[in-house]
Amino acid sequence: MPETTRCPECGSLLRVPAQFSAGAEVKCPKCGLQFPLPRPDAAPADSPRPKETEHEGDYSDRPRPAPARREDDEAEGEYAEEGRLPRPGRRARGDAYDEDGDDEPYDRDERRGRVGLAGLSNDYAIDLKEWFRYAKAHWGAVIGPMIGYWFIVQSLSLGAQFVPLAGGCLQALFGPALQAGYTAVALAQLKGRPWTFGDFFAGFRQFGTFFVYTVIAGVYMALAAAPAAAAILVAINTTDGDTRVAAAVLAAPFSMTAFYLWVRIGTFGVPLILDRGCGATEAIKGSWTLTRGHGWGLLGVWSFFLLINLGGLLLLPRQTHFNCLKTQGVVPSTECSSPPASV
């Protein structure tokens, strides 16, 4: 039995395993042709492919058999082309393969992990009716886990307050990644991807990006709100009524400017980091692009949601409501001994 043979169709030199005897049907891994192994007294295995003669016709018109699908075990059970083994299995359309040569198919989007700002468009309409329709279709699947995760976040935040000196730093450090969990699960639900409770902690996979993004956005917000903050301090520390009114009038447009800036750089920043793998500055740039032409509309949407939250706060019992206002700094500390009767 020959140790090597040559495919009569494509001329590839093939290695024949010992278990194959002369006359056995084998298949060329390159062109897919099945042919019997020649006997030892036949032409040498390394003899060149015979040249087509004129009376045999043009071989280019001869239909060739399509390559058969190779199973994973063919790398060992079949012969291989000299110098290499066949790839285990056929690459499916749309599959990608590891760069290290493992040839294992993987999800292109998950392994790539970064799409960036390619293909972004601000061509959309602000339609609260449509948005609430999506919310109605999906809220039942996420509301329970989100409430459970909210309790976890609040417990961690409360525990950080008992850490001397470092409590505020811990909240500033881990808060952005924790808050991103709600968006991570919402994106998975809307895109129809399977998710688990562990996806609420997906923000920690891009922990540094969320922290830097929050710092940069915070600096922008602080610069925009600085005049309003100065005017409010003047109003607090003066007893003159006219000065207070003037300070309030001055603070109002600067506060609105800071809110508008937050809408532009903050509306889509977190989804861009989670869904497209954007960096911190890239997410801010992308959010600014996506909100272009929709800034005032989105400002109205955010104001609407803030009013809903405020309405929920007003529905709390009087003592709880007063304590919440006191915690948020709305009620001055000198008035915190007891809740006013009108609240």
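Modeller: Let's start with Ser287, which sits in helix H8. Keep in mind that this is a predicted model, so everything here is read from computed coordinates.

Is Ser287 buried or exposed? Its relative accessible area is 0%, and since buried means under 20%, Ser287 counts as buried. What does Ser287 touch, then, once you set aside its neighbours within four places in sequence? The list is Arg264, Ile265, Gly266, Thr267, Phe268, Gly269 and Leu272.

Now zoom out to the helix around it.

For a contrast, hop over to helix H3. H3 has 33 residues, and a straight helix at 1.5 Å a residue would reach 48 Å, yet the end C-alpha atoms of H3 are only 37 Å apart. Where does H3 bend? At Trp139, by about 65°. Val142, Met146, Tyr149, Val153 and Ala160 are buried in H3, and the buried residues of H3 pack against H4.

Ile152, Leu156, Val163, Leu170, Phe174, Phe197, Phe201 and Phe204 make a nonpolar surface patch of about 590 Å². H3 (128–160) and H4 (167–190) are the elements that give two or more residues to that patch. Val163 is in the loop between H3 and H4. Its relative accessibility is 32%, so Val163 counts as partly exposed.

Finally, here's the whole protein. Its secondary structure comes to ten helices and seven strands. Of its 343 residues, 28% count as buried, and Ser287 is one of the buried ones. The accessible surface is about 22200 Å², with 60% of it belonging to carbon and sulfur atoms. As for how the chain meets itself, take the contacts between residues at least 6 apart in sequence: 58% of them join residues at least 24 apart.

Key. Residues are numbered from 1 along each chain as its sequence is written. This is a predicted model: local features need pLDDT of at least 70, side-chain atom pairs count only at pLDDT 80 or more; totals for chains, interfaces and linings use all residues. Side-chain values use heavy atoms; hydrogens and water are left out. Patches are made of residues with over 30% relative accessible area and no salt bridge: like charges are joined within 9 Å, nonpolar side chains (Val, Leu, Ile, Met, Phe, Trp, Tyr) within 5 Å. Accessible areas come from the Shrake-Rupley method with a 1.4 Å probe; for residues, only the protein chains shown count as cover. A salt bridge is a side-chain nitrogen of Lys or Arg within 4 Å of a carboxyl oxygen of Asp or Glu. Helices (H or I, at least four residues) and strands (E, at least two) are DSSP runs, numbered from the N terminus. Buried means under 20% relative accessible area, exposed over 50%, partly exposed in between (1.4 Å probe, protein chains only). The expected span of a helix is 1.5 Å times one less than its number of residues. The bend at a residue is the angle between axes fitted to the seven residues ending there and the seven starting there. Contact means heavy atoms within 4.5 Å.
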